Amino acid sequence: MATLPPLFLPLILFLSFNSSLAALLNLNVLSFGAKPDGTTDSTNAFLSAWTRACASTNPATIYVPKGRFLLRSVNFRGKCNNNAISFRIDGTLVAPVDYRIIGKADNWISFQYVDGVSIYGGKLDAKGTGLWACKNSGKACPSGATTLSFSNSKNVVVDRLTSLNSQMFHIVINGCHNVKMQGVTVIASGNSPNTDGIHVQLSSGVTILNSNIQTGDDCISIGPGATNLWIEKITCGPGHGISIGSLGKDQNEAGVQNVTVKTAKFMGTQNGVRIKSWARPSSGFARNIVFQHIVMKNVENPIVIDQNYCPGNNNCPDQVSGVKVSNVRYQDIHGTSATQVAVKFDCSAKHPCSGIRLEEVKLTYKNEVAEASCKHAAGTISGVVQPTSCL
Ligand SMILES: *[C@@H]1O[C@H](CO)[C@@H](O)[C@H](O)[C@H]1NC(C)=O
């Protein structure tokens with residue numbers, strides 16, 4: 001460098017200036033033809049912006065300004081040439097009013113094989129009410145699309161996103177590693193079918209913080225193969241609560257391991273913290289689970305392990321669950337139950353629940369101490385535990 005002729009200096013300065021400009025690749029969907037009018041189909045504009053961002057060797061931002069952008073099912077696919085693509089969304093993405101248009105696809109907005117994608121802000125309005133009405137009428141209807149799905153991806157951030165009225169699940173994380181979600185808001189009616197808030201499966205290192213989930217099914221559902229999952233500062237309700245499972249649907253199934261649910265509030269939900277498995281043989285398991293600092297307000301089943309899970313009692317397998325549940329700690333859980341039995345451990349006769357720990361649990365029903373019921377469950381208690389433990 002010391003011997004470089006002075007002639008080259010401006011060139012070097014020019015090149016480095018140029019590459020720092022390129023590092024700020026900013027793509028506004030309007031310049032790809034998207035229209036913020038809520039009625040013009042902007043799917044291809046979003047896809048074109050994605051293609052540019054994904055091809056860039058520098059970090060890229062896709063900017064979605066205020067307004068409503070109509071999107072059909074859209075798949076943002078990697079692998080990309082950079083690992084820092086951000087969506088900054090000030091507007092709302094809306095699905096077509098006719099639920100059949102996205103209703104047959106698995107997903108409305110999906111990311112696959114991406115590394116380093118972040119979404120900041122934005123509202124996703126899937127317009128699910130038409131499909132719910134169809135389902136509730138007993139007619140034949142499409143099963144519906146998940147609103148936002150990440151699969152086979154890593155290093156994902158979802159920050160301050162709002163999901164409204166999904167057809168099926170709101171957000172699904174499947175086959176991913178290192179996902180951070182925070183400040184997420186989910187809103188759907190308490191009687192909307194299958195509208196789970198956030199579903200995580202076959203994924204590790206997923207964190208969900210500071211989120212508020214009001215929906216018709218599980219607030220957060222944790223499927224087979226979820227490991228190292230951290231859930232903190234969550235408000236749930238209406239809905240079915242936070243659920244590990246259902247597990248044991250298949251004979252060969254990955255287990256759930258190392259899940260922490262800390263500082264959560266359940267308001268009028270069907271369940272609080274639940275572990276559920278089908279009553280049939282399976283290699284699945286759930287272990288090293290912590291539920292702590294939890295408030296229940298008028299929750300039907302605040303603490304429940306149900307290894308005879310069979311919603312609607314239709315075609316129940318009626319065998320014994322092969323799923324082994326162990327090392328589950330319930331610490332500092334208090335509030336009110338909407339039914340008399342506030343703690344229910346209905347475990348597998350083949351693989352009884354073991355290592356259940358209850359510490360500082362206080363749940364009441366109609367201003368009196370509630371009840372507990374146990375089958376095939378063993379463990380320890382410490383501190384004040386009401387209802388009286390049946391372990
Ligand atoms: C459990 O998961 C957390 C993240 O939620 C992680 O920090 C911790 O190292 C994991 N523990 C084990 C033993 O794997």
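Domain bounds, as I use them here, come from an automatic or database domain assignment.

**Ground rules.** I am working on a predicted model, where local features need pLDDT of at least 70 and side-chain atom pairs count only at pLDDT 80 or more, while totals for chains, interfaces and linings use all residues. Residues are numbered from 1 along each chain as its sequence is written, and side-chain values use heavy atoms, with hydrogens and water left out.

**Entry 1, the pocket.** I found 29 lining residues, where lining means having an atom within 4 Å of a point. Phe169, Asn194, Asp196, His199 and Ser246 lie nearest the centre. Where does the largest pocket lie? Domain 1 (25–217) and domain 2 (220–391) both contribute to its lining, so the pocket lies between them.

I then sorted the lining: 7 nonpolar, 13 polar and 9 charged residues. Here Ala, Val, Leu, Ile, Met, Phe, Trp, Tyr, Cys and Pro count as nonpolar, Asp, Glu, Lys and Arg as charged, and the others, Gly among them, as polar. At least two lining residues each come from β15 (198–201), β19 (242–247) and β21 (271–277). Strands (E, at least two residues) and helices (H or I, at least four) are DSSP runs, numbered from the N terminus.

**Entry 2, the sheet.** I traced an open sheet of 11 strands with parallel pairing, in the order β5-β7-β9-β12-β15-β17-β19-β21-β23-β25-β28; two strands pair if DSSP finds at least two bridges between them. At the edges I noted β5 (74–77) and β28 (371–375), each pairing on one side only. Pocket residue His199 stands opposite Ser221 in β17.

My search of the whole structure gave 1 cavity of 30 Å³ or more, a cavity being a set of points where a 1.4 Å probe fits but cannot get out. Among the lining residues I listed Phe76, Phe87, Ile109 and Leu161. Two or more come from each of β6 (85–94), β7 and β8 (117–125), with β6 giving the largest share, 3 residues. What kinds of residue line the largest cavity? I counted 10 nonpolar, no polar and no charged.

Notes. 1 Å grid on protein atoms, 1.4 Å probe; cavity = no way out; pocket = protein on both sides within 12 Å on 5 of 7 lines; lining within 4 Å. Points joined across faces, edges and corners; volume = space filled by probe spheres on them.
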